[in-house]
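Have a go at each task before you read the solution under it.

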Amino acid sequence: MGVGWAGVQHAEAYAKLPGVELAGIAGLEEPVRRELAGRLGVERHVAEWEELFADDSLDVVSVAVPTFLHAPITIAALERGLHVLCEKPIARTPDEAASMVAAAERAGRVLDVAFNHRQRGDIQTLRRVIEDGRLGRPYYAKAWWLRRTGIPTLGSWFTNREQAGGGPLLDIGIHVLDYALFLLGQPRVTTVSASTYDLLAAGGFGDAETSDKTGDGGGFDVEDLATAFLRLDDGGTLLVEASWAAHRTAGDEFGITIFGTEGGADLRVVDMEEIGTLKLFSDVAGVAAVTELHPRAGTGHDAVVARFLDAARNGGGGDGAAAAALARVVDAAYTSARERREIALS
Ligand SMILES: NC(=O)c1ccc[n+]([C@@H]2O[C@H](COP(=O)([O-])OP(=O)(O)OC[C@H]3O[C@@H](n4cnc5c(N)ncnc54)[C@H](O)[C@@H]3O)[C@@H](O)[C@H]2O)c1
């Protein structure tokens, strides 16, 4: 469901896999879905998501539509006995996310969430480095996704709080939270202290020139920059930054810097390059050493879809509950920013 950038990634990923038949595509833009259906050899394409459910031969569905539709579509699909792969963020609020996870449990079906950046080759390599103990005990990390002018179409559904649930923290910051906590070995977040700003977008600065997101959000009422300081239950701390608009160097950059007791690591991915710059810092015989790693590119959505289908076929829970936990962290960050205080998570 959905034929924007995300929906196309899903459809193309399913089409590559043996033993998978793409039964239908839903999306409001008729020319786009006609082209996609024609290119991938899909017979059925419809406008509204409800129309797709008229076909009872479906086994799984991907939900890649505006975030306010994630919960209703996911719950309807699970109640029909389908396995669901939902785009990030899982939902606008922790309550919506919890109702999706509960629906998956009731139905005994997989609810997975598309965290494609975690499947990148550089991130997976860095995780193996940490698992191998090369950094010792990681105790502090700073992770970010920052854009100078990267609002995903000012005035689309993305920039409307009611439809999107939030701005860059929920959109790209959720990827950052996901890969940072994955790299750190999934510690639990115990407290959040955050700030959010909307000082640039409110003045019209920051729209991405090439973005063509859909929907009518009627303006901009989310943040354009968020920072969040997280305490972790293993004693470590994590600082997350996410911006769609900021007076910084041009372009788009995400990454992470990790300090550990035996070494450090730094990954930077500029303008969505397939492989980022990944460096390890250590101390060799009392001398500073830098090692640059050259991992292979990962397969992003292809890996996400393959993992999801494997769970659907062979049993496995999917990442729904973990994604719901991230939704609680983001919600705590928004509360913290609004109330100007630290929020404890139980
Ligand atoms: N994993 C990633 O890296 C990534 C990247 C971009 C977007 N996303 C996520 O994917 C989702 C979609 O984002 P996008 O960038 O593709 O948005 P988009 O605005 O480009 O596309 C949204 C699509 O949803 C369709 N849609 C809207 N209402 C519908 C309805 N009632 N029935 C059927 N289809 C409907 C629209 O027609 C459109 O095709 C969002 O949740 C977003 O956060 C994830």
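This is a predicted model: local features need pLDDT of at least 70, side-chain atom pairs count only at pLDDT 80 or more; totals for chains, interfaces and linings use all residues.

Work out whether Asp271 counts as buried, partly exposed or exposed.

Start with the accessibility: Asp271 comes out at 49%, so it counts as partly exposed. The cut-offs are under 20% relative accessible area for buried and over 50% for exposed, with partly exposed in between (1.4 Å probe, protein chains only). Residues are numbered from 1 along each chain as its sequence is written, and side-chain values use heavy atoms, with hydrogens and water left out.

Next, look at the backbone: phi of Asp271 is near 50°, a positive value in a residue other than glycine. Then place it: Asp271 sits in the loop between strand 11 (264-270) and strand 12 (277-284). Helices (H or I, at least four residues) and strands (E, at least two) are DSSP runs, numbered from the N terminus.

Now do the rest of the backbone: what is phi of Ala285, and which residues does a cis peptide bond join?

Phi of Ala285 is near 50°, again a positive value in a non-glycine residue. Ala285 is in the loop between strand 12 and strand 13 (287-293), and it is exposed because its relative accessible area is 77%. As for the cis bond, it joins Lys88 and Pro89, with omega about -15°. Pro89 belongs to the loop between strand 4 (83-87) and helix 5 (94-107).

Find the strand order of the open sheet of three strands, and say which strands stand at the edges.

On average, neighbouring strands are turned by 20° against each other, direction ignored.

For the pairing itself, strands count as paired if DSSP finds at least two bridges between them. Strand 4 and strand 5 have four bridges, in the parallel sense. In one of the pairs, Val84 has Leu111 in strand 5 as its bridge partner.

Axes are lines fitted to C-alpha atoms (for helices over the stretch in contact), and angles run from 0 to 180 degrees between N-to-C directions.

**Enclosed space**

How many cavities of 30 Å³ or more does a search of the whole structure find, and which residue classes line the largest cavity?

Set up the grid: with 1 Å spacing over the protein atoms alone, a cavity is a set of points where a 1.4 Å probe fits but cannot get out, a pocket is an open set with protein on both sides within 12 Å along at least five of seven lines, and lining residues have an atom within 4 Å of a point. Points are joined across faces, edges and corners, and the volume is the space filled by probe spheres set on them.

The search finds two cavities. The largest cavity has a volume of about 50 Å³, and its lining includes Asp112, Phe115 and Arg307. Strand 5 (111-114) and helix 10 (301-314) each supply at least two lining residues. By class, the lining has three nonpolar, one polar and four charged residues. Ala, Val, Leu, Ile, Met, Phe, Trp, Tyr, Cys and Pro count as nonpolar, Asp, Glu, Lys and Arg as charged, and the others, Gly among them, as polar.

Now try the second largest cavity: how do the residues of its lining divide?

The volume of the second largest cavity is about 30 Å³, and its lining divides into eight nonpolar, no polar and no charged residues. Helix 11 gives the most, with three residues. Among the lining residues is Leu169, which lies in helix 8 (residues 168-171). Leu169 is buried, because its relative accessible area is 3%.
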